[in-house]
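Work through the following exercises with the structure at hand. Each task is followed by a solution in steps.

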Amino acid sequence: MAGVENGTQCYCGNSLSKNSKSSACTRKCGGNSSLVCGGSWALNIYQKTTSTSTTKQSTTTTTKTTTTKTTTTTTKSSATTTSPASSNGSWYRTNGSNSGKLVIAHVIFGNTYSYTPQQWIDEIKMASAQGIDGFALNFGYDYWQSSQMQSAYDAATASGTGFKMFFSLDMSVLRCDDDDTIRSYINKFKDHPAQLKDASGNMWITTFDGGNCKTDAQWNNVLRTNGVGIKFVPGFFNDETYIKMKELYPSINGDFWWGPAWPKYNNVIDWSEDNYRIERGGLTKPPDVYMSSVSPAFYVHYDGRNRVLRSDDHLYARRWEDLVSHRNVVDALQIVTWNDYGESTYIGPIRKDMPSGTTWVPGFDHTPFLQMTGYYVSAFKTGQYPTITSDKIFFWGRPHSKYATATNDGIGRPVNWDWTDDLLWIVLFSTGSGSLKVTMGSSSSTFSVTAGVNKFTLPLAQASSVTAVLTRNGDQVFNFQSNAVTYTSGNPSTYNWNYAAAAGP
């Protein structure tokens, strides 16, 4: 049997914990607000009863064991539903058509050791559902990576989504003189149906740095001497003060810049980094392309590498909005990253393959940022913001004050620790005007809401959950509570500047 809970959440199983009255199912379906899809801890159940496609509906309430508990209630009721709703894009409707823009998510391949083919397919589908076109695979020398990359490419084809893969040559790992490794990967995947290629059939390849590693002629020698067409869009870190990138590397086909994903200093994100890079790129567009970057956060806390970049000010939403408003000069976009746990930049699910000592990631879910991504990808690709069809809230925060003193942390506060604010960051995608009340322990505030994207902040306070209540025209639209974001006003055992995030209802 299968059931829909809370408007958009689908579950399946073989038994029920207990039954409840149908009055417990009051949540509007995310894809059709005239229908009901369960309620708070209540499911609309569908069970196949004959060999035909007819279904039988009943209602139950069930208790589930999960890492994060969220509850949602609503005062409005609707007719019963006859089919489950999809959670993908269920709160907005895309306007316009794709203009050919490309959106890629950066994958740290070293964090995929234990992935099964099905895990690859599952994550590919998660990414594709949000409008992401492919993964840039940042690989190194580990003995298992070649066979795992085959699994990733094959999974992209098996997913049936049209999802693509391409290489991100990590030149901080690969040796500058190791041309054979690069050529072997090109030859192995040049004809794979999941390989990302341009309209002329050229393989996309990007890098993490490597600009000072090889001359233009040397890059040409490793990439293009095997008869394979290459669209080379590197992410070089060269100083462009005195010479433009295209003048230094005349055979490149574009420029990818990592830096603009975060503010350079202690300031709100703006377009200055992109503007400088575009001016100094020297590209001829078309056919050359400019690829920029977006990220939800940056924090690393290893011994010898311990810093935070300013990720406040609703960074992920604000950066996306900058990219949409400048989409005429941005041809492609790389989300950095899908799974870099060490730098806290991930938007994908947390898996077990992460560097030893990465203590600041477990329990700090970033997939709400992924859920937000589809809305902005649609706007970036089409040039029109989607229509918000169902109210959706996102919020995120850190677990302790920036002034706290850890009791058992031998590494210390990160560099730039004071570039942060002790605030809960809130983004509400609203169908209309209304009033939003957000409560976190003793901290509470009520905000006036308008149709569209609303951004608010709330001082962090000691709490094990956050509650958000949206009302409109005297009616309660939702009452959403999540314990994903917690906060201690005391001193933690170890420092953590990573965010935990929540999304609902």
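Axes are lines fitted to C-alpha atoms, for helices over the stretch in contact, and angles run from 0 to 180 degrees between N-to-C directions. Helices (H or I, at least four residues) and strands (E, at least two) are DSSP runs, numbered from the N terminus. The model is predicted: local features need pLDDT of at least 70, and side-chain atom pairs count only at pLDDT 80 or more, while totals for chains, interfaces and linings use all residues. Residues are numbered from 1 along each chain as its sequence is written, and side-chain values use heavy atoms, with hydrogens and water left out.

**Exercise 1.** Determine how helices α3 and α4 pack.

Step 1. The axes of α3 (residues 179-189) and α4 (residues 216-224) lie 8 Å apart, at an angle of about 40°.
Step 2. This angle makes α3 oblique to α4 (under 35 degrees is roughly parallel, over 145 roughly antiparallel, 65 to 115 roughly perpendicular, the rest oblique).
Step 3. Asp 179, Ile 182, Arg 183 and Ile 186 of α3 meet Asn 221, Val 222 and Leu 223 of α4 in contact (heavy atoms within 4.5 Å).

**Exercise 2.** Identify the buried residues of α1 and what covers them.

Step 1. Trp 120, Ile 121, Glu 123, Ile 124 and Ala 127 are the buried residues of α1 (buried: under 20% relative accessible area, exposed: over 50%, partly exposed: in between; 1.4 Å probe, protein chains only).
Step 2. Their cover includes β10 (102-108), β11 (134-139), α2 (145-158) and β12 (164-170).
Step 3. Just after α1, Gly 131 adopts a positive phi of about 85°.

**Exercise 3.** Is Gln 195 buried or exposed?

Step 1. Gln 195 sits in the loop between α3 and β13 (203-208).
Step 2. Its relative accessibility is 3%, so Gln 195 counts as buried.
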